[in-house]
Amino acid sequence: MNAEDEKRLWFCSDYGIEFESIIKKLNRNGEKYYVITHDTRKNWRNLSEESQDRAREAEKSGYKIYGIGFQGNLPGANVTNLHADRNEFGEKVSVLEQVNGIVGDRMTLDEQFIGAYAIGGTDEMKKVAGKLKLSTRDADAVIENVLFRNRRSLGIPLESEAEALRKIQSAENGKRTDYDILVSLDNILTKDEDEFVRN
């Protein structure tokens, strides 16, 4: 059975830019999915009985069940949880890249940067920019865009972002570039994301 013939049902988290991108990909490809959590690393056993039963019934009907942002097992069903993993060459592979492989799509340029961010932050995005031979200015603009969109997807309020940025800028006294300041901002806000994240 090839990727097009396989019946799949996805249970997803919409936590962060990578998982939001996966949901968009599933939607564009006509895949069946449920967004059932805003958390990451949600355990199958902590889902509602209704969601657990939905997965069990789908598997009985011949669907392969995938969990995006899930961990653990679901008693009575065989589920495949996707996590950043290493391929046969020892390279880290993002969940977004794995989903593209399962549905038979190629990664878009935007998805390559998002996947890189998911497995290694700004350093990994810089590697992608280097492979694409982007200028430093263009690479910085793409990276800033991904960082900004990730903070939005985590539900970090603009007010919190503006306040943190003001503190960073006043502490720096103009000693660092705007790019470095924005990366610091992202590190601060996403490191303590539980304080800001939507409920």
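Two strands pair if DSSP finds at least two bridges between them. Helices (H or I, at least four residues) and strands (E, at least two) are themselves DSSP runs, numbered from the N terminus. By that rule strand E1 (residues 8–13) pairs with strand E2 (residues 32–37): 5 bridges join them, and the two run parallel.

This is a predicted model, in which local features need pLDDT of at least 70 and side-chain atom pairs count only at pLDDT 80 or more, while totals for chains, interfaces and linings use all residues. Residues are numbered from 1 along each chain as its sequence is written, and side-chain values use heavy atoms, with hydrogens and water left out.

E1 has another partner. Strand E4 (residues 64–68) is joined to E1 by 5 bridges, and these strands also run parallel. Here Cys12 stands opposite Ile68 in E4.

How covered is E1? Of its 6 residues, 6 are buried. Buried means under 20% relative accessible area, exposed over 50%, and partly exposed in between (1.4 Å probe, protein chains only). The cover reaches both faces. On one side sit Arg8, Trp10 and Cys12; on the other sit Leu9, Phe11 and Ser13.

Ser51 is in contact with Phe11 and Ile36, leaving aside its neighbours within four places in sequence. Contact means heavy atoms within 4.5 Å. Why does Ser51 count as buried? Because its relative accessibility is 8%.

Now the whole chain. The secondary structure comes to 8 helices and 8 strands. Along its principal axes the C-alpha trace spans about 60 × 35 × 30 Å. Of the 199 residues, 42% are buried. Among contacts between residues at least 6 apart in sequence, 57% join residues at least 24 apart.

The surface comes last. The accessible surface of the protein chain is about 11,200 Å², and 45% of it belongs to carbon and sulfur atoms. These areas come from the Shrake-Rupley method with a 1.4 Å probe; for residues, only the protein chains shown count as cover.
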